[in-house]
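Me: Please examine the chains and domains of this model with me. I shall ask on what grounds each term is applied.
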Amino acid sequence: MSTAANDAPRSRGKAPAGERVADWADGRLGIYSLAKANMRKIFPDHWSFMLGEICLYSFIIIILTGVYLTLFFHPSMNEVTYHGSYVPMQGQLMSEAYKSTLDISFDVRGGLLIRQIHHWAAIIFLAGMFVHMMRVFFTGAFRKPREINWLFGFLLFVLGMFTGFTGYSLPDDLLSGTGVRFTQGAILSMPVVGTYISMFLFGGEFPGTDFVARFYSIHILLLPGIMLGLVVGHLILVFYHKHTQFAGPGKTNKNVVGMPLLPVYMAKAGGFFFLVFGVIAAVAGLVSVNPIWAIGPYRPDQVSTGAQPDWYMGFAEGLVRAMPGWEINAWGHTLVLGVFIPLVIFGIFLALIALYPFIESWVTGDKREHHILDRPRNAPTRTAFGVAWVTAYMVMLIGGGNDIVATHFHLSINAVTWFVRIGFFAGPVIAFIVTKRICLGLQRRDKEKVLHGRESGIIKRLPHGEFIEVHEPLSQEQLHTLTAHEQYKPAEIGPTVDENGVERKAKGTDKLRAKLSEAYYGEESQIPKPTVEEYKEITSGHGHH
Amino acid sequence: MSSQDIPEENLPAEQDAPHGAVKVADEENPFADPGLPPHEHRIQDIDEQAAKRSERAVALLFTVSMLATIGFIASFVAIPHDKSIFIWPLGHINAMNFALGLTLGVALFTIGAGAVHWARTLMSDEEVADERHAIEADTETRAKVHADFKQGAKESVIGRRKLIRNTMLGALTLVPLSGVVLLRDLGPLPGTKLRHTLWSKGKLLVNMNTNEPMRPSDIGVGSLTFAKPEGLEEHDHDFQNEIAKAALMIIRLEPDSIKDKRELEWSHEGIVAYSKICTHVGCPISLYEQQTHHALCPCHQSTFDLADGARVIFGPAGHPLPQLRIGVNDEGYLEALSDFEEPVGPAFWERG
């Protein structure tokens, strides 16, 4: 029997060590079939595809530095007196959480750096997810088959916000405590259940002695655990679907053009991890973030001016600041609309972008897979909707810092708040109209370029004295790239009379869909792309160049 | 680098026709996909010297990384952790944090830069096309899976034995309730906790800064004083919870300038006491404008007119700040005449 093994084609004795290890692992894990499909997997190249990588890498950095911080942080609200090396706080009463954060910052060598890398990476993680999400949105990468992955990404963004919030609340400093108080006030505004949720979350009245320990387990275990699962799922789906690509010569909906994972993509993406980590480490060494020692420990009766949450909470902050203080008192109960409505808008506004892929696929009725990305201009209504959404978000970000805006630009706080109140409604409408027109303008320019060529900048004088600009015809590559996109036709309700002449009542949803479809793809919303006939007629006719 | 150094046979193939000429391969459809463009060689592909230079650049970057790591360890050991240095334009910053951040940043960044430079200049940059396959299964697979499922469901007899199905669903629905019940002891029920504070009849108003009870003469017109109830000390275990409700703002107005009748009644010689906790979401109000008698919450800019029953005149707060009824005791000290008549802080469903 043993001699039979020696006859096997793989002569183990001579194979290099790496190969032998791989063989060993394959015999137990089946890694070869996995590697066969993936080792030379093709990844297309475009600068915007690295936005997602920034998110992934900052997430890894957050986990690495976070584990380090747990070695020194004490998630306890026991009151202690400070005797550490930071002189201005000597003898102060503070919670153990705050004290251990001071210790990390002043007494653990390199602790401050890791703390600041952790915080900067969190800020970049959220910003990266926001921009990455916008990239996916504006290029239509969320379309079938990637809707689920869009939802995974969306959940990561939302959970990221709450992980960030629970994280910066842990040091129990005056600034973050104020943020926790705000959250508790917002929870109280919920009808019927508000006071109960508040009592259960804080283990009694605010602030109590429990929330740091509770936020701690939420921040280091519950939320990141879910997020890690989502990240893995997100990546598996990216591999499984294969990456999208922009239209171009040789790129079709049925292929993926780019460089193989081993070696190019591995080197570039792996290298990019170090680039991201390096930049964040340098920033953390140079720029201080959340200097809790300058703010002091939390006391519910003290506050500093210019209190600001981390940027990703600015939108919620803005909603709460801009909302008028409506309160309805009836039958012995209070409906705190002034706080509850912002809470609801916050949810609806986020749900809107989460559900968008399903809305668009319902309007188009398109059930095909899409692997070629749209240029934003070629989907004017979607692009306009996205810009309107971002506009509302940004207006509320300004609203969240209305006091900072007012003091920095010497404006009245009331004027800034009113600007935000009006801007939240008017801004998106204006942004929608302007964006759509810009998209249509760009579509016209593309058409012009296809039919008449590129403006070469060369001015030619004709024999009779006329000056003309020479237009340079495009190559077939360019012609193809500019005309590869597909244009939908507006959906129709269909005949309102059936074959027997009986009147058929169009359903309300059908009517709505037809209306939306008209808004998306009607004459007002896209410029018909040039046809081959048009092109031939112009190029074969009298010379125009 | 001159082109003479490049061996003839390594030169890239003739480039496309000079610009200006249209190259439309497909006469029928000029918009048709011309297929992947021919691969263009980089200088490193055809010139070994250029490739050598790239190799040296990558190696240099990796070497810098090693040096930076050594620098990191050296900074960790050598720099006192409380030393601060002046770096323009950052100002005075912690020397160790600066050195550690910079060396770690360089050590990591140069690894990345080396890898990316290596990939861009020395690894093959030929684009390759991979086929995509439909995500959906073909009809055959689909039919097989559906048939298998039906077979499995049939063999389980779950469709036929409804009693099993229904009791199982019932059991699975009920069992998570134990988990919900277990959450009950996360905290007490609200009860009337949010309605009461430490204030009560006869409690002295104690100055937050001096920790002394106050006489009316201690409070000047136009000043803002923060107060707490007597007996509440900073190191008390429930200090945070109590001060979160009992914190008080005391100001002195000219009695004629008080517009609200009840405010005047509950004041003493123009001294009025209001809850310091904002009725919006509970921030402590700490900005006071003595000319206008306006108090402003620094968190969300709710503005209250303290001369007019603390009416909300701007911002997101929904109702006035609760006022504490005060007077003077036999010894001439300011005291509370009762608890707040309404809950302090943010509004809630049961507030009414």
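Reply: Domain bounds come from an automatic or database domain assignment. On that basis, chain A is divided into domain 1 (2-33), domain 2 (52-319) and domain 3 (374-495 + 512-545). The C-alpha centres of domain 2 and domain 3 of chain A lie 36 Å apart. This is a predicted model, in which local features need pLDDT of at least 70 and side-chain atom pairs count only at pLDDT 80 or more, while totals for chains, interfaces and linings use all residues. Residues are numbered from 1 along each chain as its sequence is written, and chains are lettered from A and ligands numbered from 1 in the order in which they are written.

Me: What makes residues of domain 2 of chain A count as in contact with domain 3 of chain A?
Reply: Two residues are in contact if their C-beta atoms, placed from the backbone, lie within 7 Å. By this criterion, 15 residues of domain 2 of chain A are in contact with 22 residues of domain 3 of chain A. H12(A) gives the most to the domain 2 side, with five residues; helices are DSSP runs of H or I with at least four residues, strands are runs of E with at least two, and both are numbered from the N terminus.

Me: Why are strand E5 of chain A and strand E3 of chain B said to pair?
Reply: Two strands pair if DSSP finds at least two bridges between them. E5 (residues 255-260) of chain A and E3 (residues 128-131) of chain B have four bridges, in the antiparallel sense, and therefore they qualify as paired. The bridge partner of A:Val257 in E3(B) is B:Ala129.

Me: How many residues does each chain bring to the contact between chain A and chain B?
Reply: Chain A brings 99 residues and chain B 88 residues.
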